[in-house]
Amino acid sequence: MSIPSYADRETQVDYKDYEFYVGDPCYVIADRRWSEFCDKLFALDGFKKNEDYYGTLKWEVNGRTYDIECHTSPGGDNTWDFHLNDDSGTKVSLPVDAGMLAIVPMECVCPEQMSRYGSITRLGAVFNTEPILETTNHSCGWVELNGVRDREYADNLCDECGEHDFHLEHCEYYGAMVCWGCWQEEESEEE
Ligand SMILES: [Zn+2]
């Protein structure tokens, strides 16, 4: 007997065990309600001002209203990886397809929409308590989830000043990977 993909056990079981989904909302909001979602998003003050934090939109599901906190994804679409596990024990990796990230209460996750992808943990992170999400387009852009910045940021820090830089270079003087501002010539023989 063949089991239809939408009835996949993993799909049916896992997401309701958690309270919050963090990731691109386009993977979990039903396609038929996506334009409604975008209308609410565009109406947020933060979105108008093109800020990093768009704001919290009110989303009604089965007669109840929930808060969905929306943020920009710096640089648009990308996959944000973290040295962090979510509450399912999965390494956090947040693919982005609609240029944003959101904290979505699990009651707002549309099972049909999500099950196209097999499992919610492939689409983002799941938590039992409301996570803290911050993003910014400043300093090359970063995403911070529960106090941990994304790997692109965290793996590219100057050994001297601790600042983030995408173009770290090995410096003989310090014997370390440093940013352009910290880089120094080795002391010349005349000195
Ligand atoms: Zn530096």
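1. Over which residues does pLDDT stay under 50? pLDDT, the predictor's confidence in each residue on a scale from 0 to 100, stays under 50 over residues 1-13, for which the model has 9 contacts beyond four places in sequence, a contact being two residues whose C-beta atoms, placed from the backbone, lie within 7 Å. Where pLDDT is low, the predicted coordinates should not be read in detail.

2. This is a predicted model, in which local features need pLDDT of at least 70 and side-chain atom pairs count only at pLDDT 80 or more, while totals for chains, interfaces and linings use all residues. Residues are numbered from 1 along each chain as its sequence is written. The mean pLDDT of the protein chain is 89, with 91% of its residues at 70 or more.

3. An automatic or database domain assignment divides the protein chain into domain 1 (20-150) and domain 2 (156-191), and the C-alpha centres of these two domains lie 37 Å apart.

4. Strands S8, S9 and S10 form, in that order, an open antiparallel sheet; strands are DSSP runs (E, at least two residues), as helices are (H or I, at least four), numbered from the N terminus, and two strands pair if DSSP finds at least two bridges between them. S8 (133-136) and S10 (148-149) each have a single partner strand, so one side of each is left without a neighbour in the sheet. S8 pairs with S9 (residues 142-145) over 4 bridges, and Thr136 stands opposite Trp142 in S9.

5. Cys110 is placed in the loop between strand S6 (100-105) and helix H4 (111-115). Beyond its neighbours within four places in sequence, Cys110 is in contact with Val28, Ile29 and Ala30.
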